[in-house]
Amino acid sequence: MARRSRHQVLALLPAAALLLAASACGGGGGTTTANGVQLAEAGKIKTCTHLPYEPFQFKEGNNIVGFDVDLVDLVAKDLGVKQEIVDGPFDTIASGQDLNINKCDVAAAGMTITDTRKQNFDFSSPYFLATQALLVKKGSGVTNLDSLKGKKLGVQADTTGKVYAEKNTGDDVKKVTFEDLGLLLESVKNGSVDAAINDDFVLKDYARKNTDVEMTTAFNTNENYGIGVRKGNDALLKKVNEVLAKAKSDGTYATLYEKWFKEKPKQG
Amino acid sequence: MSRRQRARLFRGIQYGALVVILVVLAFAADWGKIATSFLDLDVAAELFPNVIVIALKNTIIYTALGFSFGIVFGVVLALMRLSSVGPYRWIATLYIEFFRGLPALLVFLAVGFGIPTAFPGTLIDRMVIITLALGIVASAYMAETIRAGIKAVPKGQVEAARSLGMSPARTMITVVIPQAFRIILPPLTNELIMLVKDSSLVFFIGSTLDQQELAQFGRQALSQYRSMTPFVVAGLCYLIITIPLSILQQRLERKANTTAKGGK
């Protein structure tokens, strides 16, 4: 007991440290505005995404490029700010966490508009029409979900492809979840799964560059991609929609579409 | 058969089995595919210099931040746990058991999303969040190591310092803690190596291209180049950091051992 009491003065040290830590947390800046639109940080519009999702967003040299990047750049230009892309896991983007904690102003990640996601944040008007499809090894004979019975189907975490696969296949199709698109596609290539489900344009792009795999069935899920904006930031949402509408009417959208997908847009 | 002969025979069988396993593995594996997937030199070349000037650098920065916070807070926690004031002991014990018992990933998600949620509107710097998240994990482990170190300092040292008229606080700061750290240098190096790897969890907080650390850099490049090579390169970069640390640790351990034996 005697030894212990010697430390009594020192006991004040942690208390002081705790107080210091608590008070330090209170600081920090707030949000700023550009042209009446609220942004998390001055001079930039921050975009949350999960890299890479070619051709929507991927690294080329030291830059991130892609269809989504070009679209948000249009918004940035309109606001007179720069776009900054923040890469992170897709689950916290799709769940709205990233937007809600002000990590980003918008989420542009080739993301399908769904009712569940709509509860967590607002979506811009649709800017891309996609559908779910299967990627398989060439000559594998897998053409649809029925031919996958007793086989393994790779899905990407928190994607609509995963939801579609779960709804439309029974327990006889083993679903294997991957965090990254790259790991999912790699698994088709090395044969650890028999097929992968994901958005058709991404799979098409991959099959174009890898001749040993092919895209087979498209499921006509007709999904619309939207850009996510935090609930309550209506000015930004309005701005994004304005820029999208303008791009569609003046032909910028069609030009970008052809640039990244090598075909004419399916919709307006 | 004599005992020695039998022992030699057994050893021979073990070596033989090992050779057979290696030969079978060597022939069974598709080396061509492994080479193209894991050791694509063209892909590896494209990763430079960014894997060093961005990814390796950031890994070191994040680790250093986490370690600094961890060691400072670890000392505080260790002292709290040794304190005579009940509440301090309880808080420290609770903290240590809590954060040592949780997977580091959960702590990261809790800090990375919890703090901005708890203080809405305030834009807390990303570095602060990284320091806190890594530091919280590190301090929980280090506190116990440091406490063990403090307790390992011979009681005579404290008595001698006190009889020289030093105050308890001064005794602790100038006599006990420096000696404690000398004792726990090897296990602290161990924590540091663990932390190097835990820094990969920064991925979950999100980063721009120039904020990527090694694991995230490798992951992103893996998808980009459709090759496992970036993982191999990133892995080698981790080893560049951790192996020298291991060597340092062994040296320190040897030194600590000789000191304990009386410096001879």
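How many bridges join strand E3 of chain A to strand E7 of chain A, and do the two run parallel or antiparallel?

Mentor: In this predicted model, two bridges join strand E3 (residues 44-49) of chain A to strand E7 (residues 106-107) of chain A, and the two strands run parallel. Within this pairing, A:Thr47 stands opposite A:Val106 of E7(A). In general, strands of a sheet pair through backbone hydrogen bonds, either parallel or antiparallel.

The pair belongs to an open sheet of five strands in chain A, with the order E6-E3-E7-E16-E8 and mixed pairing. Strand E6 (82-87) and strand E8 (122-123) of chain A have a single partner strand each and stand at the edges, so one side of each lacks a neighbour in the sheet.

The link of A:Cys48 and A:Cys104 is right-handed, with 60 degrees about the S-S bond. Because A:Cys48 lies in strand E3 and A:Cys104 in the loop between helix H5 (97-100) and E7 of chain A, the pair ties together parts that are 56 residues apart in sequence. A:Cys48 counts as buried because its relative accessibility is 1%, under the 20% cut-off. A:Cys104 is likewise buried, at a relative accessible area of 0%. A search of the whole structure finds one disulfide over all chains.

As for the annotation, an unreviewed UniProt entry places the feature "domain: Solute-binding protein family 3/N-terminal" at residues 44-264 of chain A. That span is 38% helix and 26% strand, and its end C-alpha atoms lie 31 Å apart.

Key. Residues numbered from 1 in each chain as written. Chains lettered and ligands numbered in written order. Predicted model: local features only at pLDDT ≥ 70, side-chain atom pairs only at ≥ 80, totals over all residues. Heavy atoms only, no water. UniProt positions renumbered as here; feature names shortened; annotations may be inferred. Helix = DSSP H or I, 4+ residues; strand = E, 2+ residues; numbered from the N terminus. Pairing = 2+ DSSP bridges. Disulfide = S-S within 2.5 Å. Buried < 20%, exposed > 50% of the residue type's maximum accessible area, 1.4 Å probe, protein only.
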